Amino acid sequence: MAAAAPVASATTCADRVYNGMTQAQRIGQLFMGGVSAARPSATDLRTLRDRHVGPVMLTGRSSAGTTVTRKVVDGFRGQADTVAGHKVGLLVSTDQEGGQVQVLSGPGLSTIPNALTQGGWSTSTLRSRAAGWAGRLKSAGVNLERATSDSVASHSGAFAAGFSRPT
């Protein structure tokens, strides 16, 4: 009987970062902190940094557009922990469903129609428009969209598919 081959242990970058984290850093990654999209306070930013918060949600309303929002988000990212020689990734989200639920607006961002209007579009149209909206959010530094949909399953799938392929 031949001896069993040793099992290779592949350590990923994520494994190295996680293994290098303190308990406080690991716990902080479990909580999402909300900060004003228009004017994050120094106190809020200090709390995010000191508590090692991983995901951040832009709240309220901002009409600053993509360029200014990106500078705000890059400021958050600059405060992220460094573990095992790597900056800990920061998930930045917002509510950008359309209609009355649109935190970010201004130059570089489109007005997103409400779900009833979106539900009247074909899935290919919705997928295409959602991909464009996602691309603009990405340029603003948002990398996690928390939108929900009350539309039918095919439209929800088209919206999600569009957001998975930003243009």
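How do the residues of the lining of the largest cavity divide into nonpolar, polar and charged? The lining has eight nonpolar, five polar and two charged residues. The views below show a predicted model.

View 1. Helix α3 (residues 42–50) gives the most to the lining, with three residues. In the whole structure, two cavities of 30 Å³ or more are found.

**View 2. The second largest cavity, with about 30 Å³ of space.** Q96, Q102, L109, S110, I112, W133, R136 and L137 line the second largest cavity. Helix α6 (residues 123–139) supplies the largest share of this lining, three residues. By class, the lining has four nonpolar, three polar and one charged residues.

**View 3. Parallel pairing of strands β1 and β2.** Strand β1 (residues 33–36) is joined to strand β2 (residues 56–59) by four bridges. One of the bridge partners in β2 is V56, which pairs with G33. From β1 the chain passes through α3 to β2, in a right-handed β-α-β crossover. Helix α3 is also the element that gives the most to the lining of the largest cavity.

**View 4. Strand β2 beside strand β5.** Three bridges link β2 to strand β5 (residues 92–94), and the two strands pair in the parallel sense. V56 has V92 as its bridge partner in β5. V56 of β2 is also the bridge partner of G33.

Conventions:
Residues numbered from 1 in each chain as written. Predicted model: local features only at pLDDT ≥ 70, side-chain atom pairs only at ≥ 80, totals over all residues. Heavy atoms only, no water. 1 Å grid on protein atoms, 1.4 Å probe; cavity = no way out; pocket = protein on both sides within 12 Å on 5 of 7 lines; lining within 4 Å. Points joined across faces, edges and corners; volume = space filled by probe spheres on them. Nonpolar A, V, L, I, M, F, W, Y, C, P; charged D, E, K, R; others polar. Pairing = 2+ DSSP bridges. Right-handed = clockwise from strand over helix to strand, strands pointing away.
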